[in-house]
Amino acid sequence: MFSHVMLGTNDLDRAKAFYDKVLGVLGAREGSINVGKGGHHRVFYMHGQNIFILTQPINDEPADCANGMTIGFACASPEQVKELHDVAVANGGQSIEDPPGLRDGGALGPLHLSYFRDLDGHKICALHRPAA
Amino acid sequence: MFTHVVVGTNDPEASARFYDATFGALGIAGGRSGSSAYYGGYDGGFFSVGPPRDGEAATHANGGTIGLSAKTQSEVDAWHAAGIANGGSDEGAPGRRDMGPNKLYGAYLRDPCGNKICAFTTNVDD
């Protein structure tokens, strides 16, 4: 479904250092810096046939986060769900909602979940769905 | 990499109408769960739109974009037209947007809540 997800940041270097470590948990390589046509810098992460991008907003206004928005990252195991969260928190992210663990996803079945906010306040979810 | 993306809305009916039409143009089916609408599934990724859980107003992010995959250029065209016809606003007309050696065709919209989304295909007509 997704070709890519792009998030704005007010400190690209700091955001890159954060996501280099966090997405490293999933096996993603260090982000690569790229300069857009308008001179705005962004960082690309390519992993699992998707692209995650951090960017300086192209309208030169401050980046902010959307209330109501969550980006879910796929994890290979319950341990990885916790590790993604723990690495984020160790690097300045904020743990939110319930601690990492198994939750009843209703019709979706059991889900291993953790939630944190990144350094710009974006809400991130780590999810592993056990095989049915 | 991504399992899902959730965006907020202050008008669930308007957002559901918009996303029903735009995901329909991409051949992706959806449904309802309470006041949220959802599209796709766990196998290929899913998208959901609904009121924020904290009860505060939904906002869109400056600097953020959610990119959706389209199979063909005509799907991108249909996606963009469906969005405009269902409460979205134009943020970039369908056209070539090559990046380096990568041939891309895409279009941009804002949903009724202002969230910026785009649809891209790498299946480009030369």
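In this predicted model, helix α2 of chain B runs over residues 73-85 and has 13 residues, and the distance from its first C-alpha to its last is 18 Å, close to the 18 Å expected at 1.5 Å a residue. Buried residues in α2(B) are E75(B), V76(B), A78(B), W79(B), H80(B), A82(B) and G83(B). An α-helix has 3.6 residues a turn, so residues three or four places apart point the same way. The cover over the buried residues of α2(B) includes one helix, α1 (12-25), together with the strands β6 (89-96), β7 (105-110) and β8 (116-121), which also belong to chain B. After α2(B) comes G87(B), which has a positive phi, near 90°.

Five residues lie between the two strands of the hairpin, where G39(A) takes a positive phi near 90°.

The two chains also meet each other, with 32 residues of chain B in contact with 31 residues of chain A. On the side of chain B that touches chain A, at least two residues each are supplied by β1 (2-8), β4 (45-50) and β5 (65-69) of chain B, and β1(B) gives the most, with seven residues. By class, that side of chain B has 15 nonpolar residues, 16 polar residues and one charged residue.

Strand pairing crosses between the chains as well: β5(A), residues 70-74, is joined to β1(B) by four bridges, and the two strands run antiparallel. Within β1(B), V5(B) is the bridge partner of I71(A).

| Strands | Bridges | A residue pair |
|---|---|---|
| β5(A) and β1(B) | four bridges | I71(A) and V5(B) |

As for the record, an unreviewed UniProt entry carries the annotation "domain: VOC" over residues 1-122 of chain B. Over these residues the chain is 22% helix and 39% strand, with its end C-alpha atoms 19 Å apart.

Technical notes. Residues numbered from 1 in each chain as written. Chains lettered and ligands numbered in written order. Predicted model: local features only at pLDDT ≥ 70, side-chain atom pairs only at ≥ 80, totals over all residues. Contact = placed C-beta atoms within 7 Å. Nonpolar A, V, L, I, M, F, W, Y, C, P; charged D, E, K, R; others polar. Pairing = 2+ DSSP bridges. UniProt positions renumbered as here; feature names shortened; annotations may be inferred. Expected span 1.5 Å × (residues − 1). Buried ≥ 20, exposed ≤ 12 C-beta atoms within 10 Å, placed from the backbone.
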